[in-house]
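Subject: Handover of a structure and its findings

Dear colleague,

I am writing to hand over a structure that will be new to you. Please look through the sequence and the model below before reading the notes that follow.

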Amino acid sequence: MALEHALLVALSEKPGSGLELARRFDKSIGFFWHATHQQIYRVLGRMEKDGWLAVEVVPQAGAPDRKVYAVTDAGAAALADWLAAPTPMEELRSEVAVKMRGASFGERAAVLEVLRANLADHLARLDHYRRLEKAYDDPAALTGHALDQFLVLRGGIRLEEFWVGWLEDYLDAHTPGETR
């Protein structure tokens with residue numbers, strides 16, 4: 001997936017300025033597709049040049065003009081083409097997994113500290129996702145885009161549960177009787 005596709009999805013949900021988009025990206029799509037603010041701005045410029053985005057310049061009192069980006073018909077077509085294209089199976093590419101496998105060749109205590117920190121991060125993200133999930137009063141009644149968002153959130157919860165379980169298994173096996 002290219003950053004362009006993630007941005008097209010975000011802007012299809014709601015047009016916005018680069019700053020608004022970067023903030024929204026950090027709170028949603030950024031959980032499973034990382035990009036810096038600089039990358040986002042650079043790609044927005046390229047997408048505008050390619051005709052995928054239209055820009056409305058909005059004057060602001062006492063501040064620079066704000067550019068609000070919206071998806072054009074060409075951008076919507078590019079997104080539709082990408083959505084319909086086959087997607088290869090996701091592969092696990094994990095630096096943490098390589099460290100777990102190689103822990104016997106270094107200082108295991110240091111690796112265990114790295115894993116404890118990763119576990120804390122995954123637990124925090126899982127807690128955040130579960131709090132977001134509570135905002136859905138009746139998931140069975142969801143349709144369309146709201147259902148898509150909920151199901152991606154549920155996938156994120158399951159992924160974090162996987163990471164928490166795997167890290168806990170590893171830590172428990174190497175630190176029996178200790179508290180994490």
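Which residues have the most contacts inside the largest nonpolar core? In this predicted model, they are Leu7, Leu21, Phe25, Ile40, Leu44 and Leu53, within a core of 18 residues. Three helices each supply at least two residues of this core: α1 (3-13), α2 (18-27) and α3 (37-49). The most is given by α1, with six residues. As general background, nonpolar side chains in soluble globular proteins tend to be buried together.

Setting aside its neighbours within four places in sequence, Leu53 is in contact with Leu8, Leu11, Leu44, Met47, Glu48, Tyr69, Ala70, Val71 and Thr72. There is also a second, separate core, which has 16 residues and includes Met100, Leu112, Tyr129 and Ile157.

I turn next to helix α5 (residues 95-102) and its two helix partners.

On the α5 side the contact involves Val96, Ala97 and Met100, which meet Trp163, Trp166, Leu167 and Tyr170 in α7. By class, this contact has seven nonpolar residues, no polar ones and no charged ones.

The other partner is helix α6 (residues 108-133), which packs with α5 at an angle of about 150°, the axes being 10 Å apart. Given that angles over 145 degrees count as roughly antiparallel, α5 and α6 are therefore roughly antiparallel to each other. Here too the crossing of α5 is left-handed. Val96, Lys99 and Met100 in α5 meet Val111, Val114, Leu115 and Asn118 in α6. The residues of this contact divide into five nonpolar, one polar and one charged.

With kind regards

Definitions and conventions
Residues are numbered from 1 along each chain as its sequence is written. This is a predicted model: local features need pLDDT of at least 70, side-chain atom pairs count only at pLDDT 80 or more; totals for chains, interfaces and linings use all residues. Side-chain values use heavy atoms; hydrogens and water are left out. Contact means heavy atoms within 4.5 Å. Helices (H or I, at least four residues) and strands (E, at least two) are DSSP runs, numbered from the N terminus. Ala, Val, Leu, Ile, Met, Phe, Trp, Tyr, Cys and Pro count as nonpolar, Asp, Glu, Lys and Arg as charged, and the others, Gly among them, as polar. A nonpolar core is a set of buried Ala, Val, Leu, Ile, Met, Phe, Trp, Tyr and Cys residues joined through side-chain atoms within 4.5 Å. Buried means under 20% relative accessible area, exposed over 50%, partly exposed in between (1.4 Å probe, protein chains only). Axes are lines fitted to C-alpha atoms, for helices over the stretch in contact, and angles run from 0 to 180 degrees between N-to-C directions. Angles under 35 degrees count as roughly parallel, over 145 as roughly antiparallel, 65 to 115 as roughly perpendicular and the rest as oblique. A crossing is left-handed if the near helix is turned anticlockwise from the far one by less than a right angle, and right-handed if clockwise.
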